[in-house]
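Q: Could you take me through this structure feature by feature, giving the general idea before the particular case?

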Amino acid sequence: MTSRPLDPYVDSEVGQLRAVLLHRPGTELSRLTPRNNDRLLFDGVPWVARAQEEHDAFAERLREHGVSVYYLADLLTDVLELAAARTDTIDAVLRDPRLGDDLGAVVRSHLGGLHPDQLSEVLIGGMLRSELPGGVGLPYALLGDQDFVVDPLPNALFTRDSSVWLREQVAVTSLAMPARQRESSLTGAIYAHHPMFNDPELLFAPDLEPLEGGDVLLLGPGVLAVGVGERTTPAGAERLARQAFARDLADQVLVVPIAQDRATMHLDTVCTMVDRDAMIVYPNIADGLVAYTLTAPDGPIGRLRVDGPQPFLVAAAEALQVDRIRTIDTGLDQVGAEREQWDDGNNTLSIAPRVTMAYERNHHTNRALQEAGIEVIEIAGSELGSGRGGPRCMSCPIVRDPLSSSGA
C-alpha cells in the first residue's frame, strides 16, 4: 500500500496544481450498451480502447507539467486490504433496494470473499447475473444473464464530482443521480482509510442534501461559487456554505442557479476560472447568470444571510475584491457557441494561473483563450466526452499551491 503522506490543500481553481485524482476508464465503459447508456448517463457507447488512449495522454500531459497523478482504482485496491474499507464499500452496494434480502446476502458473501483487486474491479466495473455464483431469490430469478446485479460506475471517470478539497478538508459529496450515488462510497473509503491522506477532516458527507463537485468553484481563497440546478439543490449549497463558514474555510458563498439541462448540468460546464480574475463563460447565458451571496450567521445556530440576486460576474468581482472579472469572448454565434458548449468548451482545468487544459476539438474557444494570454494545453476527447465532461470534470485536485504563491 502506498503510504507516502500527502498534504492536501486547495484554495483556488488556478493555483499551481501539484497532485490530482483521476480514474482511468476500464471495464465499466465496456458495460455500456445502447440499451443502458441513457440510464447510466452517457450520450453514446464509447470506443473503450480509444478512451483509454485519450485518458493516458491526458495524464501524461499533467505529469509533463509537474503534476503527480493518482488513480482512484489503485488507491481503492490499496484500502480494500482493510476490513473497515471493505465493509463500507460493500454496505454501499447492499443499499440497492432492488436486491432484496436473499440475493443481498449472497452478494455480500461473494464480494466479501474477493481479493482486493477483484473487489475493486466489481465495485467500479459492476457484476452481471451470469458472473454471480449461487444466486438466489426472486430478484435473481427475474434477472436476465446480462442484467446487472451490481451496476457499473462509468461516471467514476469524472472524479471532480464525488469529492471536493477545500484547503485541508474534504467534502465527500452527495450525488443526485441514482446511477452515480455509489461513487462517493469509493472516494469516502479512500480518504478515510488510505494512509496517504491520514484521515482528513470531513466537510460534507454523502448522506446530506444533494451536492456535486462539478457545481463547486473555488473562485479564490475564501470565496466559493456553487451552482444549483440538475444535480445540486439549494439545500445542498446552503449546507456546504454553513459548514464552510463554521470552519472558517469561506467568507462568502455565491449560489448560482443554472438551467436544468444536459448540456449545463454543472456550473463548471458553463464557466471555469483560467486566471485569478479571468473566466471562460458560455456566451449564450453569460449575461443571464445571477448569484445570491451567502455570508455567515451571527452565531453558531443563526440564519445565513442571503443577499441578491445580482449579476454573477459582478458578485464574483465584489467577492474577490477586483474591479471586474475578465471574461474570454469566443466570438462565436449562437449555433457555434452551442456546439462548443456541448463539447465541453468551457470546462477547462487550470494547472497554474493563465495555463489551462482543454479539449482540442473546441478550436474557437481555445483560440480565444490563447489570444487573451492563456496558454492552452490541448488534449483529445472524442471518446472521453461521450459522458459530457471535460478536463475539469475528469480531475479532482488534491494539492495546489496557495494562490498567493502561485505565479504572478
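Q: How many helices and strands does the secondary structure of the protein chain come to?

A: This is a predicted model, in which local features need pLDDT of at least 70 and side-chain atom pairs count only at pLDDT 80 or more, while totals for chains, interfaces and linings use all residues. Residues are numbered from 1 along each chain as its sequence is written, and side-chain values use heavy atoms, with hydrogens and water left out. Helices (H or I, at least four residues) and strands (E, at least two) are DSSP runs numbered from the N terminus, and here the protein chain has 12 helices and 19 strands.

Q: What does the radius of gyration say about the protein chain?

A: The radius is taken over C-alpha atoms, and the globule rule is 2.2 Å times the number of residues to the power 0.38. For 408 residues the rule gives 22 Å and the protein chain has 21 Å, so it is as compact as a globular protein of that length.

Q: Which peptide bond is cis, and where does P309 lie?

A: The cis bond runs from G308 to P309, with omega near 10°, and P309 belongs to strand β14, residues 305-311.

Q: Is D248 buried or exposed?

A: Buried means under 20% relative accessible area, exposed over 50%, and partly exposed in between, with a 1.4 Å probe and protein chains only. D248, in the loop between α9 (234-246) and β10 (252-257), is exposed at 60%, and its phi is near 55°, a positive value in a residue other than glycine.
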